[in-house]
Amino acid sequence: MRPKAGIGISRGKAAALLRGLLQRLAVFVFLLVLMSVLPRLLPGDALDVLMDSDVQRDLQESERSALRDQLGLGGTLIEQVGRDLMRLLRGDFGYSHLHGAPVSRLLADALPWTALLIALATPIFLGVGVIFGIEAGRRPGARLDRIITTAMSLLASVPPFVTAMALLLCFAILWPILPTGGAEPLFPAEAPWPHAREIARHALLPACALALHEVVRYFFVVRGEAAGLSRRAFVINARSRGISGWRERRDYYGRNLLPVICARLSQSVATLFTASLFVEVIFSYPGVGSLTYQAVLDRDYALLQGAIAVLAALVLSLNWIFDALTDILAHRG
Amino acid sequence: MSAPTPRIPQTITRYRRQVLGLFAVVILTLLIAASDALLPAYVTSTDTLQPPSARHWLGTNDIGQSVLTGLLRATPVTVGLALLTAALALLIGLTMAGLAVVFPKKGRAVVLHLTDMAEIVPSILLLLLVAAWHQPGAAEIILLMAVLTWHDDVRILRSVLLREIGRENIRLARHMGASWPYLLLHHILPAILPTLTGVYLQNVVQAVMRVAGLAFLGLTAGDLLTWGSMLQDATGYLHTPAWQWLLLPPALCLTGFLLVLTTLDQRQQRHARLRQGANP
Amino acid sequence: MGHRLRPILRAFGLCLVMATQTPLAMANPAETKRLVISNSNTDWGLATPYLQARGGLGYMLTHFVFDNLVGQDKSGALAPELASSWQVSEDGLHVELTLDPQARWHDGTDITSADVAFTFEYMAQHPHPFVSLANVSAIEALSPDDLRITLNAPDAGFVSSVLVGLPILPQHIYRGQDNPRSFSDPRAMIGSGPYRLSNHERAKGRYVFSAVENYYGGTQKYDEVLIAKLQPEAAIEAAAKGQVNVISDLPTRLVDYAKQHDLQVDMSPAGHPIKLRFDHAGLFSSVQRRQALAFILDRQALIDIAYRGGATLASLGYLQDNSAWFNAETVLQYNHDPDKAAALLMRSGWSRDEASGRWAENGSPVTLRLITSGREQALAQVIKDQLDAFGLDVSIRVLERGALRKMKPGEDYDLILAGGSTLGDPVTILERVFGTRWNNEQYRGDGTLRQLAEAQARALDPDRRAALLAKFQHLYSRELPAIMLLNVSRTIAHDADSKPWFFDDGLTLGIPVATHKYMLLEE
């Protein structure tokens with residue numbers, strides 16, 4: 001049942017999409033409430049954590065309550081949580097007293113770096129995963145398939161942070177051809193072209209580490225699907241007609257794999273953010289992952305709340321979009 | 001009760017593999033319980049950051065503890081955490097799937113909604129949030145990870161349960177008055193055991209990765225010694241030769257364990273496929 | 001799909017080729033004299049008293065921009081800053097100050113006594129986290145450059161804590177600011193110090209301070225001071241290329257690595273000894289048990305294992321050797337001596353089981369509950385091993401700093417291991433030893449020690465104060481309200497040209513930093 005228009009979504013599909021959206025909204029609200037409540041259940045006073053320092057003097061109770069009001073820590077639990085949620089609804093992500101800056105600005109500074117890493121990593125893992133997956137799946141059980149699949153299984157058994165550390169160790173410390181960390185040299189070049197090159201040099205290792213983590217998943221998905229396709233009549237026909245090489249891979253495998261890849265992308269959104277956290281920590285890359293991690297270590301709840309709100313919104317909406325795309329593609333295909 | 005005669009001996013021969021697996025788990029649990037007494041003490045000494053030698057086969061760490069002892073002591077903890085987390089996740093998943101099957105109207109809708117929601121929760125954010133609040137110890141890790149991963153199991157378990165319950169012999173036995181517990185133990189459980197094993201193995205792989213990741217970030221309780229936390233300790237020494245004996249052993253252990261698990265998982269899948277092919 | 005993929009692959013290949021070549025462009029040759037300081041920490045907030053991050057480095061940055069009334073000379077002694085002279089009255093209740101007539105705010109406005117008076121009033125409402133003004137009863141401007149402060153009670157440490165520690169705010173900027181903690185306008189950073197914050201790139205953790213023209217207090221050595229966030233390993237490599245001058249927080253494990261890269265390494269005790277504190281109402285209300293613990297612990301081994309050269313033995317008499325009031329002769333020594341410890345424990349009523357060698361109280365084995373935070377976890381482990389070898393069981397709980405504060409002596413712990421500052425004027429002893437806050441030693445004793453501490457805080461005559469403090473240190477080392485285990489060192493690495501130094505008693509209120517504003521000024 002092929003619809004006439006290019007993009008046509010049946011009623012059932014639309015309802016499913018709407019349900020997906022509502023579920024995501026519910027999850028989002030749940031996360032918001034949780035992150036507002038949890039820090040306040042902490043044994044210990046938020047004010048103390050904020051002011052923790054060896055030189056800190058003993059504050060009078062009146063001074064403490066004044067400070068609490070100034071820092072927005074006053075009131076009962078419900079009042080505080082309500083205030084937090086209202087604030088977030090207004091688009092105000094709060095103020096990090098540890099950084100002395102609005103959380104929105106901290107995130108705006110960090111997000112582009114993470115986006116850069118993901119943008120660099122995506123073509124790598126998509127390219128490598130899909131190409132190797134098709135090659136292996138075209139002739140399941142052949143020698144090439146066995147070699148590639150074994151290699152990928154091996155790679156799948158290495159936890160992503162170990163691969164990242166191995167890359168760091170090999171290409172930045174033992175054989176130092178790439179920088180050990182950071183996003184830019186201490187004194188970036190003035191001219192735009194050398195500057196871009198420096199940024200690329202710094203992003204290369206983290207992006208590779210990020211990509212290696214995802215390659216395996218795509219490989220197995222694509223290989224399984226391609227192996228299925230290789231037994232289908234239209235592929236066998238095409239082969240017997242002498243269609244091979246690039247055309248076979250592109251027209252007969254690539255096209256038909258698109259919905260699967262798209263469905264996988266929707267799950268990748270969350271895993272990529274997770275992986276980028278590890279990668280950014282290991283390469284001390286100034287992205288949103290290391291910012292959030294530092295907020296955890298510093299118990300900077302304002303920043304953590306803001307970061308989680310933004311990241312959750314991003315992850316949830318992106319994977320909803322990819323879900324919708326998958327549906328549309330599946331419908332067309 | 002005129003139920004069919006029990007087929008326990010047959011069950012055992014047929015599911016030798018699973019029984020052996022269960023046996024291994026029991027032995028492992030005993031070993032874990034006894035490891036504290038069996039292994040040498042993990043004490044600090046003034047021999048800090050010593051390379052491997054006859055005295056310390058894998059060298060010592062920055063506070064003079066033997067890496068080999070640490071590795072051995074971390075093994076039952078790491079493995080045990082993973083096995084228990086996976087088991088709890090499976091249990092939750094199975095219960096949910098069971099609820100969806102037993103109550104096909106309301107239960108199904110609620111369970112599937114819950115599963116959908118659990119699937120889209122970005123688990124790392126939740127972990128960070130909880131870790132910032134309180135660094136989890138062993139029990140909390142098991143609970144937390146299980147709560148974050150059970151959703152992976154629900155769909156497949158539900159479909160397997162549905163398939164089995166729909167079978168002729170079950171319907172027949174039910175008709176003849178066999179109780180649910182009896183059916184569960186004698187018909188359904190043996191039939192879904194291969195799937196359960198497969199799901200369990202995959203859960204273990206996931207649990208190993210996640211727990212190691214959390215420990216690597218230094219977000220588990222400070223006194224919980226795992227391979228992941230040993231890796232975390234090694235990160236400061238990448239610029240010195242000490243990485244060779246601080247980083248490599250836990251990294252290799254972790255990778256080796258995961259490799260064993262994935263191999264087992266693949267064999268299990270192959271067997272399941274063969275069996276399915278044999279009696280469709 | 002292929003034709004779409006190809007350009008991407010090509011672009012990626014290009015990146016790869018580019019990326020593996022080393023960059024040609026290096027730091028632009030300094031036409032301006034620039035000092036680059038690296039620090040591995042994240043963010044130190046903004047350089048104002050209310051927006052600085054907690055901790056010493058945040059204060060240090062504010063101190064670049066905001067001068068205090070009294071400063072320090074190279075040896076750490078008091079020196080004129082905004083106040084060119086000050087005089088404490090005979091009874092210790094009045095302090096008269098004369099301001100430097102040359103002093104100007106960064107926007108050119110004259111600094112007057114009205115600004116100082118305003119600051120005292122403003123900070124009474126919006127408390128400064130480090131400085132208490134509770135003892136100030138009045139402040140009056142006598143003329144634009146003269147003012148008088150009246151105290152409630154004599155305070156021997158008033159000049160060296162309040163006047164040295166309190167930053168002065170411009171009245172014309174801060175007047176009417178109800179919540180200074182959300183006032184992050186560039187105007188909030190108009191101060192009186194030698195540098196102004198000219199750029200702050202938060203994502204990179206980079207601060208650029210530029211020298212203020214016509215600074216009243218001297219000439220600046222550098223036109224620009226750049227503080228950059230760098231991991232210490234990367235900082236060492238950058239320093240080897242001449243891009244970094246000072247690494248302000250070198251971990252001990254990298255000392256050799258830094259020396260290999262031709263850097264000079266300076267170490268100084270941070271003045272934050274790690275203390276083993278007690279539940280004074282419980283097991284350790286007995287002084288013999290506290291003394292026994294001091295005999296059991298091999299403190300040198302603690303240092304060798306847990307700090308590997310990054311710490312020194314602490315004095316057991318509370319004050320450490322960097323303090324001007326330190327007196328080594330009167331302090332008792334407790335060298336590692338298990339036999340003496342055993343005898344003391346026997347006398348305190350504990351007994352040792354012959355067969356197992358474990359200690360017991362009334363027949364039930366003793367388990368000491370030790371709590372600590374993640375920072376001191378390794379040390380706690382070594383202490384546990386040492387006590388265990390002596391026959392005392394220890395259970396360690398590692399807690400968050402926030403949770404640590406809420407632990408109650410007796411209910412939750414017998415021993416608590418944490419760092420605590422001993423820097424700054426000894427008036428702080430009263431709070432740190434006898435106070436009841438979580439990181440105070442909460443000591444009672446028979447009151448003699450407390451009387452000594454109170455007497456020295458009132459003693460305006462330096463000789464008499466020194467004598468009282470010598471007695472105090474002796475008694476402290478005998479009663480051991482806490483065992484000062486070791487003194488963690490702060491370590492910096494720097495190149496041959498830059499000359500950072502640590503003050504013996506810390507910067508102003510006792511902040512152990514070497515990259516303070518005084519190293520940025522010509523002598």
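Author: Let us begin with polar contacts. In this predicted model, four residue pairs are in polar contact between chain A and chain B, both residues of each pair having pLDDT 80 or more.

Reader: How many salt bridges are found across the interface of chain A and chain B?

Author: The rule finds zero salt bridges there.

Reader: Which helix of chain A supplies the largest share of the side that touches chain B?

Author: That is helix 1, with eleven residues. Several helices of chain A supply at least two residues each to this side, among them helix 1 (11–41), helix 10 (245–282) and helix 12 (301–332). By class, the side of chain A that touches chain B comprises 35 nonpolar, seven polar and three charged residues.

Reader: How should I read the area buried between chain A and chain B?

Author: One reads the total together with the atoms that provide it. About 3600 Å² is buried between the two chains, and carbon and sulfur atoms give 82% of this area. Of the area that chain A buries against chain B, Gln23(A), Ser157(A) and Met165(A) supply 16%, more than any other three residues. The contact takes 45 residues from chain A and 35 residues from chain B.

Reader: Which residues have the most contacts inside the largest nonpolar core?

Author: They are Phe161(A) and Leu231(B), in a core of 151 residues. Helix 9 (residues 180–216) of chain B gives the most to this core, 17 residues. Leu231(B) touches Phe161(A) itself, and its other partners include Val162(A), Met165(A) and Phe216(B). A second, separate core has 74 residues, including Val65(C) and Leu521(C).

Key. Residues are numbered from 1 along each chain as its sequence is written. Chains are lettered from A and ligands numbered from 1 in the order in which they are written. This is a predicted model: local features need pLDDT of at least 70, side-chain atom pairs count only at pLDDT 80 or more; totals for chains, interfaces and linings use all residues. Side-chain values use heavy atoms; hydrogens and water are left out. Contact means heavy atoms within 4.5 Å. Buried area is the accessible area (1.4 Å probe) that two parts lose on being put together, summed over both. A salt bridge is a side-chain nitrogen of Lys or Arg within 4 Å of a carboxyl oxygen of Asp or Glu. A polar contact is a pair of N or O atoms within 3.5 Å; within protein, one must be able to donate a hydrogen and the other to accept it, and residues adjacent in sequence count only if both atoms are side-chain atoms. Helices (H or I, at least four residues) and strands (E, at least two) are DSSP runs, numbered from the N terminus. Ala, Val, Leu, Ile, Met, Phe, Trp, Tyr, Cys and Pro count as nonpolar, Asp, Glu, Lys and Arg as charged, and the others, Gly among them, as polar. A nonpolar core is a set of buried Ala, Val, Leu, Ile, Met, Phe, Trp, Tyr and Cys residues joined through side-chain atoms within 4.5 Å. Buried means under 20% relative accessible area, exposed over 50%, partly exposed in between (1.4 Å probe, protein chains only). Lists of a residue's contacts leave out its neighbours within four places in sequence.
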